[in-house]
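Here is a short tour of one protein model, written to be read with the structure open beside it.

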Amino acid sequence: MPLQDGYLGFLWMLLLVAYGQRDPSAYHFNSHLEHTFTQGFSAVLSFREFFEWANTTLVKNLYSHHPGFVTDGNSKLVGSACIRQVRVRAGSCPVAQQLQASFDGCHAPYSLDVEDLADYGEGWNASARNNSNDFPQVWQYQSQSQHQGYPMWGKLTVYGGGGYVVSLGTDRQNASRILQYLFDNSWLDTLTRAVFVEFTVYNANVNLFCIVTLTLENSALGTFFSHVALQSLRLYPFTDGWHPFVVAAELIYFIFLLYYMVVQGKLMRKQKWGYFCSKWNLLELAIILASWSALVVFVKRAILADRDLQRYRKHKGEGISFSETAATDAALGYTIAFLVLLSTVKLWHLLRLNPKMNVITSALRRAWSDISSFMAIILIMLLAYSIASNLIFGWKLRSYKTLLDAAETMISLQLGIFNYEEVLDYSPVLGSFLIGSCIVFMTFVALNLFISVILVAFSEEQKYDQLSEEGEIADLLLMKILSFMGIRCKREERQSSNEQPEASSQALSPQPAQTLPRI
């Protein structure tokens, strides 16, 4: 997609589409709700404390003096808030034979294989499934399709979208009564592996929905982990004058896309399989595929949003899950962001006509073999130090608890972001040796040599760079003018290989008094 064919217009329309899907008010909306509902949630270390937090912070902020609105009075509660738990089956893991007499059973960590899918009666009584007179539905399992949920990635594992669900209703008294009933009948027990508090609010002032999910995970060790996920999205069109511009930008963008598809189709037909040998052609193909993928996800989000809103209009007092819609909106954002990244890289390729940009590209191409070798060495050293730090500190320090966390900490060390105190306090001698050797060998040696290779290649490329920026631009403008007039001309460098034979033939042939420029 050459620059003269309107690539800047294509990129401008893409940026309008990308930023049209986001709202700067979303950050403040999320921050306000997170501050309101998470007070004391991170300090929850047992199910008793969870019920205390739910009866105070959650209920107080979820129901205000204005019916249907949360405490701030600006955001409307969409449907009802829900509490959902996922459980594992009793005796889901084997016990060592020597200890079977001392333990009644073993409860495994959560996985889809050991998840409990059965229906129970009050107090998790399997023999009296219809014995609950108050809330029988809280003891019955709801599948992911029934709940219209979506898998949730927690700190420990991935949890399914189903579970045992209870709706808190639309008023404070009913919610408090339900929570007391759940506490009295031990709805949360040792088989519970995760509890999700899910609700959705809508703020008409900024025309944004916010899907709030507060998660409390319980590992097989009995430890608790809490985290919060908030996602704001716009399910209704713009209510101001910005909406027509966004729609126009989307239409113009896809007109550009259809044009470039025709151009690439002709090029593919001409080059056949050789088309796929060029990395820039593959980049063009990736941009086209990502654009159509974004359109498919956009349509899916619209369908899911309409489904959820229709369900809310029919069942306003029930818990409505927007989880799948929120996941689709997140996928759309990731797809568009990736598309902007590819399009920006393509812009770098178009700027190769600039001599300075061409020098940078040529220098990287010249030094690529050395760069790849040093990158392999750096990755091997990073992996070695990550494994060593994970094995030494992983069972004690949070920054090294997994291999991925240890690698992230080692990368932060190269950037100067590192907590030396926690390592030195735990192991002064071994910690000092490990961190010191990492700084010396990776930062002072490997990374500096890596940068030196690039600088040497850049200096060598500057010596061979004889192209003038003004002359290049002048040649380009002259070619465009002659092409517009219908005159085809050849570039000077393309005919340089023929200059010597032409000079020899001219020396042997009679010379005219005046020569015309070669057109």
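## The sheet and the cores

In this predicted model, β2 and strand β5 (residues 163–167) pair in the antiparallel sense over two bridges. Within that pairing, Q142 stands opposite G163 in β5.

The two strands belong to an open sheet of six, which runs β2-β5-β1-β6-β7-β8 with antiparallel pairing. Because β2 (141–142) and β8 (224–233) stand at the edges with a single partner strand each, one side of each has no neighbour in the sheet. Helix α3 (residues 47–62) packs on this sheet, where it touches β1, β6, β7 and β8. The direction of α3 makes about 5 degrees with that of β6.

| Strand | Residues |
|---|---|
| β1 | 75–87 |
| β6 | 192–203 |
| β7 | 208–218 |
| β8 | 224–233 |

Which residues have the most contacts inside the largest nonpolar core? They are F50, L62, L168, W187 and F199, in a core of 45 residues. At least two residues of this core come from each of α2 (25–37), α3, β1, β5, α5 (172–184), β6 and β7. The largest share, eight residues, is supplied by α3.

Terms used:
Residues are numbered from 1 along each chain as its sequence is written. This is a predicted model: local features need pLDDT of at least 70, side-chain atom pairs count only at pLDDT 80 or more; totals for chains, interfaces and linings use all residues. Side-chain values use heavy atoms; hydrogens and water are left out. Two strands pair if DSSP finds at least two bridges between them. Helices (H or I, at least four residues) and strands (E, at least two) are DSSP runs, numbered from the N terminus. Contact means heavy atoms within 4.5 Å. Axes are lines fitted to C-alpha atoms, for helices over the stretch in contact, and angles run from 0 to 180 degrees between N-to-C directions. A nonpolar core is a set of buried Ala, Val, Leu, Ile, Met, Phe, Trp, Tyr and Cys residues joined through side-chain atoms within 4.5 Å. Buried means under 20% relative accessible area, exposed over 50%, partly exposed in between (1.4 Å probe, protein chains only).
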